[in-house]
Amino acid sequence: MKIAVISDMHLGYAIDTELENDSYDNALQAINIALKQEPDLFLFPGDIFHNKIPKPEVLAKAIELFSYLKSRIKSKSKIIELKSSTRAPTSELNIPSIISIYGTHEKRNPDNINPIQLLEKANLLYNLHAESALIKVEGEKGTSNIGIHGLSGVPDQYAREHLTSWNPAPFPGVPNLLMIHQTFKDLIPAITEDILELSELPEGFDYFLLGHIHWNQELKHPKYNIPILLPGSTVLTQMNKVESKIKKGLYIIDITKESKKATFIPINTRSLIYHSFEFENKRPSELIIEISDLIESYLKNITEDQKKVLLKIKLKGKLAPGFLPTDLNLRNIIKKYSNKMIINIDKKDVVSDEVTEGAKILTELKQKQLSVDQLGLSILKEIIKPNIQETQLQKIDNLFEHLSAGNLEKAEQTLALGDNLKND
Ligand SMILES: [Mn+2]
């Protein structure tokens, strides 16, 4: 049986900017490359969408994409056994040959429908959350069974609890793949919180498929030697150094009871140049000249026929006394070269003696390109985080969500639970 794995497509990323089509173009390219291999199943380990409440324009693109995919998969899939803690056990359920988990970007509170659940309602995919499905796949080359297991995204500090209580077990006598969308300590060692480690993934599976990390990696389970595949995202979102070096792409897994092989197939994406620019004691006017020179030097090597290159400049350093990071206005440079290059300048680490903590939070959040209500909520959460528990933060999330959806009745109910806001 052949299985395609495509992760973190982030449909709707960079909406209303020059990069807005990249997520769709790359997703379609990955799907088309995969289709050429005629896989029997498509797996999506989370972050199909960039936002948990995508605009209708983004949903429309996603529906178009998944309808297209569904119409071109030749296999027929049927769940013959479902072990689920979130919905009633089922048998003999016909599903599309497209299975997902939802990721950190799609997660909403359990009372709400997230966009991947919406695609499931449209019968464009089947989503697993703490569920194990034994699936009978009728492909062109015959019929075989496979176990697909999935844990959709949960807050990292609760992932261990969720994994333990779910306690997935492989179905006997068939290949078994497990999808998960979490941060693992092994992958981001700088994280100090007590979060999941790869060694906690259970035994007996053939592959672990990890969403969430945006660059391709292949690892082995530290105890059981099981391959762990991280396809990475299909679109450049983080624009960091590692993302500038590693190709985007997808996996094709060829698996039978007797043998297994996973192949990474790269896709073509816009090129990213990452340049780290350090300075000390410079005036904004001096910096602007140096940055212009830098851009000119890269422009010399660019050929006209390729998709506009993305140049990310990471600034790091301290401004001359008397200047604030807001004095460093780079809008004109970005505009000057905008017909030749897409320039993204990160000012997060530009400091001055005068800079305040609040200004720093705001700069960081602005770079994430959040909507105004998400920005407001994030600022509030950053400020109160040290004094409040995760469950209380979740309630504030709910309150904002109800308010931004214009659902005053539900907002009022959330507020009526005010005591819980303080003591839960
Ligand atoms: Mn992601």
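## Reading packing, pairing and burial

Tutor: Start with a helix pair: α9 and α10 are roughly antiparallel to each other. Angles over 145 degrees count as roughly antiparallel, under 35 as roughly parallel, 65 to 115 as roughly perpendicular, and the rest as oblique. The model is predicted: local features need pLDDT of at least 70 and side-chain atom pairs 80 or more, while totals for chains, interfaces and linings use all residues. Residue numbers start from 1 along each chain as its sequence is written.

Student: At what angle do α9 and α10 pack, and how far apart are their axes?

Tutor: Two packed helices are described by the angle between their axes and the distance between them. Here α9 (residues 372–384) and α10 pack at about 160 degrees, with the axes 11 Å apart. Axes are lines fitted to C-alpha atoms, for helices over the stretch in contact; angles run from 0 to 180 degrees between N-to-C directions. Helices are DSSP runs of H or I with at least four residues, strands are runs of E with at least two, and both are numbered from the N terminus.

Student: Which residues of α9 and α10 meet?

Tutor: Asp373, Leu377, Leu380 and Lys381 of α9 face Leu393, Ile396, Asp397, Phe400 and Ser404 of α10. Contact means C-beta atoms, placed from the backbone, within 7 Å.

Student: What is the handedness of the α9 and α10 crossing?

Tutor: Right-handed. A crossing is right-handed if the near helix is turned clockwise from the far one by less than a right angle, and left-handed if anticlockwise.

Student: How do α10 and α11 cross?

Tutor: The axes of α10 (residues 390–404) and α11 (residues 408–416) come within 8 Å and cross at roughly 155 degrees. That makes this pair roughly antiparallel. The crossing of α10 and α11 is left-handed. On α10, the contact uses Lys395, Asn398, Leu399, His402 and Leu403; on α11, Lys410, Ala411, Thr414 and Leu415.

Student: Now sheets. What is the order of the eight strands in the open sheet?

Tutor: Strands of a sheet pair through backbone hydrogen bonds, either parallel or antiparallel. The order is β4-β3-β7-β8-β9-β10-β12-β11, with mixed pairing. Two strands pair if DSSP finds at least two bridges between them. β4 (93–95) and β11 (217–220) are the edge strands, each pairing on one side only. Neighbouring strands are turned by 30 degrees against each other on average, direction ignored. Inside this sheet, β7 (residues 131–139) and β8 (residues 142–151) pair antiparallel over nine bridges. Lysine 136 has asparagine 145 in β8 as its bridge partner.

Student: How is the open sheet of three strands paired, parallel or antiparallel?

Tutor: Parallel, in the order β15-β16-β17. Its edges are β15 (272–282) and β17 (341–351), each pairing on one side only. Nine bridges join β16 (residues 309–319) to β17. Glycine 317 stands opposite valine 350 in β17. Helix α6 (residues 284–299) lies across β15, β16 and β17, running at about 155 degrees to β15.

Student: Which strands pair with β1?

Tutor: Follow isoleucine 3. β1 (residues 2–5) pairs antiparallel with β13 (residues 249–255) over four bridges, and isoleucine 3 stands opposite isoleucine 253 there. β1 also pairs parallel with β2 (residues 41–45) over three bridges. In β2, leucine 41 stands opposite isoleucine 3.

Student: Where is histidine 212, and is it buried or exposed?

Tutor: Histidine 212 sits in the loop between β10 (207–210) and β11. With 24 C-beta neighbours inside 10 Å, histidine 212 counts as buried. The cut-offs count other C-beta atoms, placed from the backbone, within 10 Å: 20 or more is buried, 12 or fewer exposed, and in between partly exposed. Most residues other than glycine have a negative phi. Histidine 212 has a positive phi of about 90 degrees.

Student: What is the phi of aspartate 16?

Tutor: Positive, about 65 degrees. Aspartate 16 lies in the loop between β1 and α1 (22–36). It is exposed, with 9 other C-beta atoms within 10 Å.

Student: How many helices and strands does the protein chain have?

Tutor: Twelve helices and 17 strands. Of its 424 residues, 33% count as buried.

Methods. Contact = placed C-beta atoms within 7 Å.
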